Each structure stands twice: as structure tokens, then as C-alpha cells.
Amino acid sequence: MPDPIRVRFAPSPTGYLHVGGARTALFNWLIARKLGGVFVLRIEDTDRERSTDESTRTILDGMTWLGLHWDEGPVHQADGLPRHQADARRLLESGRAYRCFCTPEELAAKREEMKHEYRYDGKCRAIPPAESDARAAAGEPHTVRFRVPDGVTQWDDIVHGETRFENASIDDFIILRTDGTPIYNMAVTSDDIDMRITHVIRGDDHIPNTPKQILLYQALGAPVPAFGHLPMILGGDGKKLSKRHGATAVGDYAQMGVLPEALFNFLALLGWNPGDEREVMEVDELVQAFSLERINKKSAVFDTEKLYWMNGRYLEKKPAEELFEIVAPLLVKKGLVTEAEVETRRDWLLHLLELLKTRARSVNEIPKLAQTYLVDEVEYDADSVAKQWKDPLTAERLGAVRAALQGLEPWTVEGIEGALRAAAEGLGVGFGKVAQPLRVALTGSAASPGIDHVVFLLGREGALRRIDRARERLAAATAV
RNA sequence: GCCCCGUUCGUCUAGUGGCCUAGGACAUAGCCCUCUCAAGGCUAAAACACGGGUUCGAUUCCCGUACGGGGUACCA
């Protein structure tokens with residue numbers, strides 16, 4: 001039995017959980033589940049200035065909402081400080097790193113002067129160890145830089161294949177700041193070694209960091225993990241997805257009525273596919289089909305339109321009972337039902353939900369659709385009224401429908417349909433000639449679920465009242 | 001500037017040298033189903049960035065160009 005793979009998701013808590021980050025987390029989670037590995041969550045909070053607990057909580061909430069459960073952590077990178085420093089010191093002692101006494105001002109001036117051509121000049125590289133030790137002992141401020149060796153650093157990227165960097169193109173980068181705290185690449189490498197991470201799966205904006213980290217692994221004598229770099233997620237204009245494209249946070253989509261399973265599925269298909277034509281795939285199915293080898297190289301545009309289509313499919317699939325847990329609070333919030341009615345009218349509401357869930361693309365649309373059935377006064381849509389009530393016989397037909405419903409027993413969906421069809425037959429017209437005007441009378445609109453269900457849900461009393469209101473309106477219009 | 005990465009319908013993608021008259025999905029349009037809407041079914045329109053090679057044969061392999069993206073910090 002080989003050792004289980006160990007992967008990690010390592011967000012920095014400086015904001016919300018971005019959909020790009022969520023997808024990275026998702027791919028790590030999927031491969032861990034698929035291969036029976038371990039998924040570790042690490043919060044990269046070494047930048048104390050920008051990191052907040054609020055942000056950490058948002059990220060954790062987002063992952064939980066999506067169903068991305070971590071097996072270990074969250075570990076805070078800041079807690080690893082002593083180890084980061086110890087690793088850096090080992091590098092210093094073995095000569096793989098050296099102290100740099102250049103001041104930030106000197107460096108900034110050089111950068112200003114050289115502009116785009118700027119490279120660290122390696123000025124402190126040649127300082128003899130004895131001198132370096134003495135200056136440090138005397139309290140002279142310094143950073144620690146990694147001594148990039150000659151040669152080439154390459155790796156077989158899981159996504160991109162053979163990738164190589166000339167070491168000459170890599171500056172002697174800082175690993176410890178003047179205040180002794182580690183810089184990103186140092187902290188990450190130290191942590192990934194410590195956590196025994198076997199596969200580093202992250203965004204491809206990290207590709208330039210990878211050779212630096214590999215060099216660090218080698219200098220520390222640690223086994224180098226496998227690397228896989230995921231393509232970026234872009235906005236509709238082909239630019240990196242950012243706030244100006246609108247919603248980019250997982251929480252935003254939750255707010256907008258997207259189901260976690262829909263976002264999960266959608267994100268999984270951004271830069272990966274199962275190799276056949278399946279698209280709507282449940283979590284288990286995705287785990288089953290997932291493989292690192294099928295991840296795409298090309299960045300992908302986040303198409304909200306398709307997300308909502310997929311959300312619609314999940315809304316339809318979701319049992320009304322489950323959806324009810326999400327929708328009921330929204331109905332209460334909108335003042336359409338009371339807390340008590342959520343319980344007392346549960347079956348009725350479930351029936352309504354069953355009818356509406358196929359017709360919505362977002363959870364948030366459901367209260368709007370439900371409103372018609374929960375208020376006393378129907379709002380008439382002018383176009384629907386004009387079109388469906390223009391026949392002068394409308395009032396008469398509604399009267400016939402009213403009569404058919406008044407004494408109908410038993411009051412069932414099937415019974416109602418039968419009564420309405422009989423009424424249409426009695427009037428000598430097609431069913432549509434009865435159903436459409438009635439639909440407008442009952443819902444104010446020319447579009448709704450099946451008329452039999454609508455009548456049933458409104459109840460005999462409610463339906464008759466709305467028919468009467470409609471007939472009054474028609475009478476008034478005729479009189480004028 | 002330099003260093004990396006990428007480029008198939010508007011969008012997500014299939015495709016690993018002949019199966020490609022380039023397949024599927026979203027969006028769009030039409031038809032069917034039908035009491036309307038939604039869902040569903042069918043159909044249409046829609047793509048291999050460009051130029052050179054290699055090969056009997058390139059969407060597929062190689063090299064350039066163009067375009068896009070990322071990096072180039074005592075940020076992560």
C-alpha cells in the first residue's frame with residue numbers, strides 16, 4: 001500500500017474566497033477524495049498587515065458551504081515562524097544563503113535607476129562568512145538571500161508538462177526580511193516539507209515561484225513534490241476575473257441564489273472534463289471521474305449564464321423538502337408567510353415549490369414566483385390582460401368556469417382539470433380558450449404552472465374570489 | 001524590457017497524425033410537445049490565430065509571428 005497522497009489549499013486571508021481559489025481548493029479536494037489522500041487547509045497569514053480573522057472565517061465558511069471539508073487544519077502559517085527561521089538559518093549555515101546588508105533605500109534607488117532592467121546585483125554574495133557574522137553580531141540590519149546556483153531548474157508539471165527555467169534568470173531572492181520573518185517562498189516550502197505535501201496543485205500564476213521553491217527543497221535536502229499548475233479563471237472580457245466583473249466571491253453566488261452543488265459542478269468543469277459528454281454530475285460522480293491528467297492548460301472565462309443554467313438543473317433535481325429549508329426563510333423575510341405558516345401550511349408550500357422549482361434558475365427567483373399565490377390582491381400584467389381578455393366572451397366563459405368549480409367534488413387536481421375541460425366543451429371552445437383567460441384572472445399573468453395546479457393551490461374560495469374580481473374588472477371595462 | 005505560460009464555435013469544451021464533412025454543452029433562432037411558461041425532444045447558424053516546415057497526409061509534431069495571460073517586491 002503506497003503512502004497516501006497529501007495535498008493542500010493555502011489561501012491568504014486577505015479577502016473573501018474567490019471562485020478561482022475555490023476551484024483550486026475543489027481540484028485538490030477531488031484528487032484527495034479520488035485517491036484516498038489527505039486534504040490539508042493552511043491559512044497563509046504571514047503578512048500580518050493584511051490578514052484578518054474575518055477573512056479566515058469567510059474562507060472557511062465558503063469552503064464548508066461548498067462541501068469542501070479538510071482533513072487537517074486549518075493550520076496557520078504564522079505559527080510555523082520558528083521552523084521557517086530555523087530552515088533559513090540552516091541554509092545560511094550551509095552557505096546556500098547569505099546575509100544581504102543592502103538597505104531598502106539602496107535597492108529602491110537601484111530599481112529606480114535601472115527600471116525594467118533591474119536585477120539584484122549580487123553585491124553581498126561575496127562577503128566572506130567571517131565578515132558577515134561579525135557585522136550581524138554587531139547588530140547591522142540585514143536580510144537573508146538565497147544563493148541561486150548555476151544551472152537549470154525544471155520539473156514535469158502535471159498540467160503543463162516539462163517546464164524549465166534558467167537559474168540565471170532567477171535573482172538571489174530574499175528568504176528572511178530585516179525583521180527576521182520569512183518571505184512567501186521560504187514559508188511555503190518550509191511548510192510543505194513539514195506537512196509532507198506530495199502534490200502541489202495551485203494556480204498557474206505560481207509558475208514563476210516554482211523553480212525558486214524547488215531550489216529551496218533541494219537546498220534543504222527535502223524530496224521535491226509533484227507540481228500541477230491550474231489555468232486562471234477570467235472575466236467575460238478575457239481579463240483575470242476581478243471585482244469589476246461583478247461577483248467573484250463564493251459568498252456572492254450563495255447570496256444570489258446559486259446552490260452549492262451547482263457551483264461545485266460548474267467549477268469542476270472549468271478547466272477539466274470527464275472525457276465523455278457528461279456535464280451535470282453529482283459530487284460522487286465527479287470524484288469517480290476526476291483525474292489530474294485531464295486538466296486543461298488554457299485559461300477559462302467564467303460564464304455566469306451557464307452557471308445559472310446548471311443551477312436551474314440542480315433546482316429541478318433537488319427534492320422540494322430540501323429546497324424548502326432554503327426557501328422558507330426567504331418567504332418569511334419577504335413577509336409572504338409567517339413563521340407559524342411555514343409549519344401549518346407546509347404541505348401546501350411544498351406543493352407550490354414542486355411547481356416552481358423547474359421554472360427558476362436561482363433560489364432567489366422562487367419567492368417572486370411564489371408571491372402571486374400568497375397575496376390577496378392579484379397584480380395584473382397589462383399585456384397579458386390585453387391579449388387574453390380581448391375576446392368579448394371572456395366574462396361569460398369565466399362565469400361558466402366559476403359555475404363548474406363552485407360545486408366541484410372532490411377538490412383534487414385531477415377533478416379540477418376534468419371540470420375545466422368539461423366547461424370548455426360545454427362552451428364549444430378549445431381548452432386554451434378557457435385556460436388562458438382563467439390563468440390571467442388567477443395569476444395576473446399569461447405564464448404559470450399548469451392551470452389545474454394553480455386552481456387547486458388557490459383553493460375553491462381563493463379561486464372563486466379571483467374569478468369574481470376579474471369579472472368585475474371586465475364589467476367595469478365594458479361599461480366605460 | 002526580461003522570464004514563463006497559453007491560443008478549436010460568442011462562452012465552456014471533445015480531439016494525442018488518417019475515424020474530422022471537426023463532436024457535445026451554454027447562449028441564439030426555428031420546429032415539436034402543450035392550457036401558457038419552464039423543462040424535454042428535434043433542427044439550424046457558429047471554431048482549428050497566422051506563416052513556414054516535417055509527413056503520402058496535419059486541429060494534432062517542430063520553428064517563427066501575432067495576440068492574450070502571468071511573473072519580474074524586505075506581497076502572497
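Guide: Start at proline 410. This residue sits in the loop between helices α17 (394-406) and α18 (413-427). The model is a predicted one. In it, a cis peptide bond joins glutamate 409 to proline 410, with omega at about -10°.

Arginine 402 is found in helix α17. Its relative accessible area is 17%, and the cut-off for buried is under 20%, so arginine 402 counts as buried. What does arginine 402 touch, once residues up to four places away are set aside? The answer is Leu464, Ile467, Asp468 and Arg471.

The setting is a strand: proline 74 belongs to β3, which covers residues 72-76. Proline 410, by contrast, is in a loop.

Another backbone detail is worth a stop. Arginine 196 is not a glycine, yet its phi is positive, at about 55°. Most residues other than glycine have a negative phi. Arginine 196 lies in the loop between α6 (184-194) and β9 (199-203). Is arginine 196 buried or exposed? With a relative accessible area of 54%, arginine 196 is exposed.

Look for it between α10 (283-289) and β12 (300-301). Its relative accessibility is 53%, and the cut-off for exposed is over 50%, so lysine 297 counts as exposed. Beyond its neighbours within four places in sequence, lysine 297 is in contact with Val159, His160, Asp204 and Pro231. Take aspartate 204 from that list. It is 93 residues from lysine 297 along the chain, and their C-alpha atoms are separated by 9.1 Å.

Now go to helix α7, residues 210-219. Proline 211 has its place there. Proline 211 has 1% relative accessibility and counts as buried. Glutamine 213 is buried too, at 0%.

Proline 211 meets Thr153, Trp155, Phe165 and Ile170. Glutamine 213 meets Tyr184, Asn185, Val188, Thr189, Arg202 and Phe227. Proline 211 also shows how the chain folds back. Glutamine 154 is 57 residues away from proline 211 in sequence, but 7.0 Å away in space, C-alpha to C-alpha.

Some of those contact partners turn up again in an aromatic cluster. The cluster is formed by Trp155, Phe165, Tyr217 and Phe227. Trp155 and Phe165 are among the contacts of proline 211. Phe227 is among those of glutamine 213.

How many aromatic pairs does a search of the whole structure find? It finds 10. One of them joins tryptophan 29 and phenylalanine 264: the ring centres are 5.7 Å apart and the planes stand at 90°, so the pair is edge-to-face. Tryptophan 29 is in helix α1 (residues 19-35) and phenylalanine 264 in helix α9 (residues 260-268), so the pair ties together parts 235 residues apart in sequence. Both partners are buried. Tryptophan 29 has 8% relative accessibility, and phenylalanine 264 has 3%.

Last, the whole chain. Chain A holds 20 helices and 12 strands. Of its 480 residues, 49% are buried. Its radius of gyration is 32 Å, while a compact globule of 480 residues would have one near 23 Å. The box filled by its C-alpha atoms, taken along the principal axes, is roughly 105 × 55 × 40 Å. Take the contacts between residues at least 6 apart in sequence: 75% of them join residues at least 24 apart.

Chain A exposes about 23,300 Å², and carbon and sulfur atoms supply 52% of that. There are 61 positive and 72 negative side chains. The centres of these two sets lie 3 Å apart.

Definitions and conventions
Residues numbered from 1 in each chain as written. Chains lettered and ligands numbered in written order. Predicted model: local features only at pLDDT ≥ 70, side-chain atom pairs only at ≥ 80, totals over all residues. Heavy atoms only, no water. Helix = DSSP H or I, 4+ residues; strand = E, 2+ residues; numbered from the N terminus. Rg over C-alpha atoms; globule rule 2.2 N^0.38 Å. Buried < 20%, exposed > 50% of the residue type's maximum accessible area, 1.4 Å probe, protein only. Contact = heavy atoms within 4.5 Å. Areas by Shrake-Rupley, 256 points an atom, 1.4 Å probe, with all protein chains shown as cover. Lys, Arg positive; Asp, Glu negative; His and termini not counted. Charge placed at Lys NZ, Arg CZ, Asp CG, Glu CD. Phe/Tyr/Trp six-rings, centres within 6.5 Å; stacked < 30°, edge-to-face > 60°.
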